[in-house]
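Q: I am new to this structure and would like to learn how to read its features one at a time. Could we go through them together?

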Amino acid sequence: MQFTVAIDGPAAAGKGTIGRAIAARFGFAHLDTGALYRAVGAKGGDPVLAAQSLSAADLARPDLRTLAAGQAASRVAAIPEVRAALLDFQRRFARAEGGAVLDGRDIGTVICPDAEVKIYVTASPEVRAHRRWLEVGGDPALVLAEVKERDARDMNRTDAPLKPAADAVILDTSALGIDAAVARAVALVEARL
Ligand code: C5P
């Protein structure tokens, strides 16, 4: 069976939590596509070459979740050749036998426009910054500024900007809370299966 769940949205909206929960519930494979861009950014050197030669070891780096890695990721993610180099891997993952959940920024719009389920997860910048701050610590004002800067860069780039697919279901996790959002996402997948 091929079945793709596309989850998009801005940083720290809850995409990963929802994606992992769906994967566990239905036995689907899960790909955090942000990790690909984080690994390219962290590798340094020419980002296009880094994307073309990405390895499992690059994806296992312990420093991928830092604020600096997030910023580096969003800078290299604006380069069309970087995105092109990562496209086939993501599409193959999405159509692998047994079902797949991918979370990112352009899954429902560019990578898997035919995904069976598309969810756009969002929350206010303040709520998302607070969640990210619980994860990384440091100065809360700096974390909020980082979230807003990354939103602006991801939403305004020319190639594959962050936006909901026309047929995506919007889940606002600032109003809903993560548990209720997971329950809604599970219900959407169940209805489509
Ligand atoms: O989701 P995460 O915060 O790990 O993503 C890091 C950065 O990678 C994002 O800010 C975005 O610029 C980029 N990204 C992307 N397309 C995706 C996933 C992530 O451009 N599908």
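Q: How far is an oxygen atom of the ligand from an N or O atom in the side chain of Arg83?

A: Before the case itself, note that this is a predicted model, in which local features need pLDDT of at least 70 and side-chain atom pairs count only at pLDDT 80 or more, while totals for chains, interfaces and linings use all residues. Residues are numbered from 1 along each chain as its sequence is written, and side-chain values use heavy atoms, with hydrogens and water left out. A polar contact is a pair of N or O atoms within 3.5 Å; within protein, one must be able to donate a hydrogen and the other to accept it, and residues adjacent in sequence count only if both atoms are side-chain atoms. Here the distance between the side chain of Arg83 and an oxygen atom of the ligand is 2.8 Å. For Arg105, a polar side-chain atom lies 2.9 Å from a ligand oxygen, and for Arg157 the value is 2.9 Å as well.

Q: How many residues surround the ligand, and which are the closest?

A: A residue is near a molecule or strand if one of its heavy atoms lies within 4 Å of it. The ligand is surrounded by 15 residues, the closest being Arg38, Arg83, Arg150, Asp154 and Arg157.

Q: How should I read the sheet, and what is the order of its strands?

A: Strands (E, at least two residues) and helices (H or I, at least four) are DSSP runs, numbered from the N terminus, and two strands pair if DSSP finds at least two bridges between them. In this structure five strands make an open sheet with parallel pairing, in the order β2-β3-β1-β4-β5. Its edge strands, each pairing on one side only, are β2 (29-32) and β5 (169-172).
Strand β1 pairs with β3 (residues 100-104) over five bridges, and Asp8 has Gly104 as its bridge partner there. Four bridges also join β1 to β4, where Ala6 stands opposite Lys118. In turn, β4 (residues 117-122) pairs with β5 over four bridges, with Thr122 and Asp172 as bridge partners.

Q: Is strand β1 largely enclosed or open to the outside?

A: Buried means under 20% relative accessible area, exposed over 50%, and partly exposed in between (1.4 Å probe, protein chains only). Five of the five residues of β1 (residues 4-8) are buried, so this strand is largely enclosed by the rest of the structure. Both of its faces are covered, with Thr4, Ala6 and Asp8 on one side and Val5 and Ile7 on the other. Helix α2 (residues 34-43) is also largely enclosed, because seven of its ten residues are buried, among them Tyr37 and Arg38.

Q: How many aromatic pairs does the structure hold?

A: Rings of Phe, Tyr and Trp (its six-membered ring) pair if their centres lie within 6.5 Å; planes under 30 degrees apart count as stacked, over 60 as edge-to-face and the rest as tilted. The structure holds three such pairs. The pair of Phe26 and Phe28 is stacked, because the ring centres are 5.6 Å apart and the planes stand at 25°. Phe89 and Phe93 form a tilted pair, with 6.5 Å from centre to centre and 50° between the planes. Phe26 is buried at a relative accessible area of 19%, as is Phe28 at 8%, whereas Phe89 is partly exposed at 37%. Phe3, Phe26 and Phe28 together form one aromatic cluster.
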